[in-house]
Amino acid sequence: MTTDTPTDVFEEHRPVLLGVAYRMLGRLADAEDVVQDAWLRWSRADRSDVREPRGYLVRVTTRLAVDRLRQIKSRGETYVGPWLPEPYVTDFGDTVPDTAERAVLADSVSLAVLVVLESLSPLERAVFVLREAFGYPYAEIAAVLEREEPAVRQLAGRARKHVEERRPRYDVDPAQRRDLTERFLAAAAEGDLEGLMAMLAPGVRLVGDSGGKAKAPVRVLETADKVGRFLIGAARKTGADATLRFLELNGGPAALLVAAGKPDFVLQLDIADGRVESVYIVRNPDKLRFLPVD
């Protein structure tokens, strides 16, 4: 006999549920709200017929996330400047020992992929997340979304094609990304424009997300010259009391600048063939509040 309480069972599966909700929404606060709603439904449900709690909870969470995404899209909210997903601390630790599986999970939560997922319909996004990130069979996804399996396969094909056409190509080796990020930040801090330019791909892009609540470019910057000069200028304005710390965000190494005891910005790089293809900077304070500063 099992003595697990409803709370024990739910907490066991919470990381998976949060992973599904975050990939669906790209916003940690919304994902937490969805998981909380899933908990309320679980705590009130008749669980006597639930043979697989994880499957049941993923189904509830996915449906709630689809509904939340539809509400967000229907509101048609305007966002000041470029939009990036909320940085999400990912530390798979020993929970995902397989290297291939870790790579899939990391890729599915990367900033580059989540930006592309924003352009999918809620159902396409749900199918993509369940299939590509968590490996659910089409039959189970059809049951989750209450759709016929052929329709789900069609949605999956459309979503995969859309993502593959728009997803930037980049190297996922964490050690290489960490090393280049450290050298990249050092060159910017030292005002070494030549050294910085040597690390940038000619067509590099810098995407800065401030939501209009902090200083950041209101448009995507392109070309190595523009990106390099912007970064050198920004580094000169960094206060002497600011400190950098490295952590794993969205499946890869990232740098967090802490100033006056608060997160100031997150920087993450996409790298291909040893050079920086994309620079992501998140400065919207609403998106940094969950990050650890020590």
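Modeller: Asp-209 counts as buried, because its relative accessibility is 0%. Buried means under 20% relative accessible area, exposed means over 50%, and partly exposed is in between (1.4 Å probe, protein chains only).

Colleague: What kind of model is this?

Modeller: This is a predicted model, where local features need pLDDT of at least 70, side-chain atom pairs count only at pLDDT 80 or more, and totals for chains, interfaces and linings use all residues. Residues are numbered from 1 along each chain as its sequence is written, and side-chain values use heavy atoms, with hydrogens and water left out.

Colleague: Back to Asp-209. Where is its place?

Modeller: Asp-209 is in strand β1. Strands here are DSSP runs of E with at least two residues, helices are runs of H or I with at least four, and both are numbered from the N terminus.

Colleague: And which residues does Asp-209 touch?

Modeller: Leaving out residues up to four places away in sequence, Asp-209 touches Tyr-79, Pro-82, Trp-83, Leu-84, Ile-281, Val-282, Arg-283, Asn-284 and Lys-287. Contact means heavy atoms within 4.5 Å.

Colleague: Now the sheet. In what order do the strands come?

Modeller: The order is β2-β1-β6-β5-β4-β3. These 6 strands form an open sheet with mixed pairing. Two strands pair if DSSP finds at least two bridges between them.

Colleague: Which strands stand at the edges?

Modeller: β2 (221-222) and β3 (243-249) do. Each has a single partner strand, so one side of each is left without a neighbour in the sheet.

Colleague: How do β1 and β6 pair, parallel or antiparallel?

Modeller: Strand β1 (residues 200-209) pairs with β6 in the parallel sense, over 6 bridges. Val-207 has Tyr-280 in β6 as its bridge partner. Gly-208 stands opposite Ile-281 in β6.

Colleague: How many bridges join β5 to β6?

Modeller: There are 7 bridges between strand β5 (residues 262-272) and β6, and the two run antiparallel. Leu-267 is partnered by Ile-281 of β6, and Asp-270 by Ser-278 of β6.

Colleague: What about β4 and β5?

Modeller: β4 and β5 pair antiparallel over 5 bridges. Val-258 stands opposite Pro-263 in β5. The two strands form a hairpin with 2 residues between them, and Ala-260 in the turn has a positive phi of about 55°.

Colleague: Why call β6 largely enclosed?

Modeller: In strand β6 (residues 275-282), 6 of the 8 residues are buried, so the rest of the structure largely encloses it. β5 is also largely enclosed, because 8 of its 11 residues are buried.

Colleague: Where does Asp-273 lie?

Modeller: Asp-273 lies in the loop between β5 and β6. Those strands form a hairpin with 2 residues between them. Asp-273 has a positive phi of about 55°, although it is not a glycine. Most residues other than glycine have a negative phi.

Colleague: Is Asp-273 buried or exposed?

Modeller: Asp-273 is exposed, with a relative accessible area of 60%.

Colleague: New topic: helices. At what angle do α9 and α11 cross?

Modeller: Helix α9 (residues 174-189) and helix α11 (residues 224-236) cross at roughly 70°, and their axes come within 8 Å. Axes are lines fitted to C-alpha atoms, for helices over the stretch in contact, and angles run from 0 to 180 degrees between N-to-C directions. α9 and α11 are therefore roughly perpendicular to each other. Under 35 degrees counts as roughly parallel, over 145 as roughly antiparallel, 65 to 115 as roughly perpendicular, and the rest as oblique.

Colleague: Which residues make the contact?

Modeller: From α9, they are Phe-184, Ala-187, Ala-188 and Ala-189, and from α11, Leu-231, Ile-232 and Ala-235. They divide into 7 nonpolar, no polar and no charged. Ala, Val, Leu, Ile, Met, Phe, Trp, Tyr, Cys and Pro count as nonpolar, Asp, Glu, Lys and Arg as charged, and the others, Gly among them, as polar.

Colleague: Which strands does α9 lie across?

Modeller: α9 lies across β1, β3, β4 (252-259), β5 and β6, running at about 120° to β5. α11 lies across β1, β2 and β6, at about 50° to β1.

Colleague: Last one. Where is the kink in α1?

Modeller: Helix α1 (residues 6-25) has a kink of about 50° at Arg-14, shortly before the proline Pro-15. The bend at a residue is the angle between axes fitted to the seven residues ending there and the seven starting there. Gly-26 follows α1, with a positive phi near 70°.
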